[in-house]
Amino acid sequence: MRPTRSASGAAATLTFAATFIAAVAAVAQLPVAAAHPGAEPGPCPFLQTQPVVHHGRGLGRRSTNDGDAPFADYGSVKEDIKTAFTDSKDFWPADFGNYAPFMIRLAWHCSGSYRISDGRGGCDGARIRFDPELSWADNTNLDKARHVLEPIKIKYGDTLSWGDLIVLTGTTAIESMGGPILGFCGGRVDDTDGGASIKLGNSTEQEAIAPCPVNGNCSYPLGQEQIGLIYVNPEGHMASGDPLSSVPDIRSSFGRMGMTDRQTVALIGGGHSVGKTHGACPTGPGPNPDEDPANPWPGTCGSGALMGKGNNTFTSGFEGPWTTQPTVWSNHYFINLLSYNWTSFKGPGGHTQFRPSAFQGGPEPPAGIRMLVADIALLNDPSYLSLVKEYAANATSLEYDFAHAWYQLTSRDMGPAYRCKGNNVPPPQPFQLPLPDGPSVQPSDFDSAAESIKGIINNCDALGGSSDKLPSGEEFNGALFVTLAWQCMSTYRETDYSGGCNGARIAISPEKDWALNKGLDKPIAALQSLRSSLPSSGFVPSLADTIVLAASVSLQAVGVHDLPDFKGGRVDLQGPLDLDVYGKFTPRDYINDPVVKNRDDFEVMGLSMSEGVALKGRPRSPAYMRGLGYSGSYTDDLTNFSNLYFKLIVEETWTASPNGTLDEYVAEGKPGVFMTAGDLALYWDPETRPWVEHFASDNDGFLAEFAAAWTSFLTRDLAA
C-alpha cells in the first residue's frame, strides 16, 4: 500500500512503521489493525518462503542430477521407449494397442505450460508430476502415462531426468508413427517439488502477479485462457460451443507461448493427426490427485474390470479420433477438416463437438471421426484457413513446420542451444536467440579499453551533455554507465535462461526503444565511439563487453574494490531483429504491487534475497531517473558508493512526492532525496526488510555482498 492523496492532491505523510504495516496488510488482504509505530504485522501468506537458488536455475530445489552429472545414453533410452509403446498394460490399456499418441499428449502438456511473459513453465523440472500441474483438469490421467514410463526411469536412475524422459518419449512417439522430428535437446534437471509452478495457477501467488478475474477469460501475462488448461477451452470461449469465439483465444494463448499462426496450426493439426479424445459418459473422471492421491481419476464410466479405462475412459469429456488412422502421423486431419461438412452435437461426455457429413455431391465421411470446437475454429479465420488448405495440399510443408514447431514447443524453456545435451541436437534455432561464437579472451585484453573508459568517466562532452552533476559541479558518468549495464543485463531470466547483456540487444530495436531505456542511447554512443578510437591493430571488445566493462571500471572508481578480473567474451547481435522472436520479449511491467514485483523480479532473475536487495542499492544516475520523469535519485554524491541507500530507507520519513505521475517519494526535510515505491517496498516487505536493516548497519558487509552479487549476475548469460 502506498501513502494516499487527499482530494486536493496534497500528499499524506506516513511514518515508515505505519506504511510498513499498511503495505503488508494490503498484500495479505488482511485488515490493518494497530498501525502504530512499533506494531508488528501478521505474516503475509504468500511471501513466506524463498526458493533455494541454484545458479543455472533459480526456481526451487533440484534433483541429485544438477545438470553436471552424466546423462543417460539417449539412444538406448529410445529403444526402451519404443518397446514400451506396444506393451499394453492392464491397469491402463493402450488405445489401438499403442501408447505413442498418449505420450505425445504427456510431452505436450509438460512443455506447453511455458509462457513468454516471464519464462515460467515448460518441462525442464518435470513439475507435471507435482501439484498444481498434476491436478490440472487438462492433465487428467497423465499419471497413467508416467506409470507406463516408470520402469524406464528406474532403469536409468539419476542419469535420466523425468523431464528428459517425458520429452524424449513424446518426440520418439512422433517418429515411431511416421512423423517428422528435428532432433532432441536433452539436459533437463528435475525439480523435487512443484513450487516453481505455483505462479502458473491457481494460487494466491498467481493472482498477485497475474490475476484472472474470470477463469476462462485469462490474458497476458498468463499463458493459458483458462487456469487448469494448457491453452484454450476446446469447447470454445467459456465453453460456448462457438468456433468463432475460439479464434481469438487460440491466437492469444499460443502467442503468449511465443508461437506464430503457422506454428500454431501446424502444432494443432500435427498433434491431432494421431490419438483420440476420451469422454465415454457424462459423469467425469472422478477425483483428481489433490482430492484422492491414492486413487486419482479412477473414472466413473462403465463397470467391472474396465470401469474408467479402455472404451470407458473419461479424460477431456470429448470422444473420438480425428482421423481413421490414429497411430499413423499424416496430414489427414487437415484433409478431413476441408472434405466434410461439420455440424455440432452433444457427445457422450456431455460436451459440444463436431461430426462430419457429406457435402452435396461429395464423398461420404468415414464413421467415427470427430472434431472439437477449437478444431473447427481453424476454418473460421482467414489466416488459419489458408494454412489448413496449405497443409492439406502439401504434406511436406506440414512436416517441415511441425518438426520445427514441436522442437520449439518442447525446448524453449531450455534456453540457448549450448545447454542442450545429446547426440541429436539440431543447429541453434531462432527461438533459442542464437549468438555468434564469442572470442577467446583474457582479462588483460581489456586493459586498453578500461584505461580509455577511465578517461571519459568525468568527461561531460563524451555523453553530449547528458552527464550527472556532482555536488561540486563536476560531471560524472560512472553512475550512468552502471545504469546502462544494469538495464542491459537485468533482462536475464533464469526461468528460461534468456536475456542478459550478451548480444548487446539494448542497442537494437525493439529493446533500445523500451521506455525504461530512455536516454541510454547517449552512453551507448559514447562507448561505441570509444571502441572506434581503439587501435585497430589491437583487441577491440564487443559493445556488450564494453558496456559491462564500463560499469566495472565505474564501480571500482567509486569504491567497489572486491570485483575479480573482468570476464569477457560477449558478442554483438546485428539488427534489425526478427520481431516474431525478439518482439515477444518485453519488460515485465504488469505487476502493480511493488512488494510483489521485487520478490518476483528476484525469482525470475535467479537472485537470492540478499543478492536482490544488495543490487537494488547499486549506483543510480539522477540524470537517467529524471529522463524517466522522476525528480531525481537518492543522492547526487555519486563518487562515494556506500550503504547510504539503505540508511536513508530506514532512517528517513517518506512522503509521496508532488510529482504525481509516478510512484515517487521524497524524504521529509530533504527535498532533493528521492526514492521509488520499489525502493521503499524493500522495507515494507517482512522478508526483505532484515536485509535492508543488515546492510544499513554494515557498510563493509553490503559492499562485499554487492560485489559478489554483481559479479555472479553479470556472467550468467555467458556460456560455461
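## Charge and overall form

The 53 positive and 80 negative charges of the protein have mean positions that lie 3 Å apart, where Lys and Arg count as positive and Asp and Glu as negative, His and the chain ends not being counted, and where the place of a charge is taken as NZ of Lys, CZ of Arg, CG of Asp or CD of Glu. This is a predicted model, in which local features need pLDDT of at least 70 and side-chain atom pairs count only at pLDDT 80 or more, while totals for chains, interfaces and linings use all residues. Residues are numbered from 1 along each chain as its sequence is written, and side-chain values use heavy atoms, with hydrogens and water left out.

The secondary structure comes to 24 helices and 10 strands, these being DSSP runs numbered from the N terminus (helices H or I, at least four residues; strands E, at least two). The radius of gyration, taken over C-alpha atoms, is 28 Å, close to the 27 Å that the globule rule (2.2 Å times the number of residues to the power 0.38) gives for 720 residues, so the protein is as compact as a globular protein of that length. Of the 720 residues, 58% are buried, buried meaning under 20% relative accessible area, exposed over 50% and partly exposed in between (1.4 Å probe, protein chains only).

## Salt bridges

The whole structure holds 33 salt bridges, each defined as a side-chain nitrogen of Lys or Arg within 4 Å of a carboxyl oxygen of Asp or Glu. One of them joins Glu 79 to Lys 82 at 3.6 Å, N to O; both residues lie in helix α2 (residues 74-85), 3 residues apart, about one turn of the helix. Glu 79 is partly exposed at 46% relative accessibility, and Lys 82 is partly exposed at 35%.

Lys 144 and Asp 143 also meet in a salt bridge, at 3.6 Å, N to O, but here Lys 144 is buried at 10% relative accessibility and Asp 143 is buried at 18%. In the salt bridge between Arg 493 and Asp 496 the closest N and O atoms are 2.6 Å apart, with Arg 493 buried at 6% and Asp 496 buried at 2%.

## A buried arginine without a salt bridge

Arg 505 lies in the loop between α14 (478-489) and α15 (521-533). Arg 505 is buried yet has no salt bridge, the nearest side chain of opposite charge, Glu 511, being 4.3 Å away. Leaving aside neighbours within four places in sequence, the residues in contact with Arg 505 include Leu 435, Leu 573, Leu 577 and Tyr 582, contact meaning heavy atoms within 4.5 Å.
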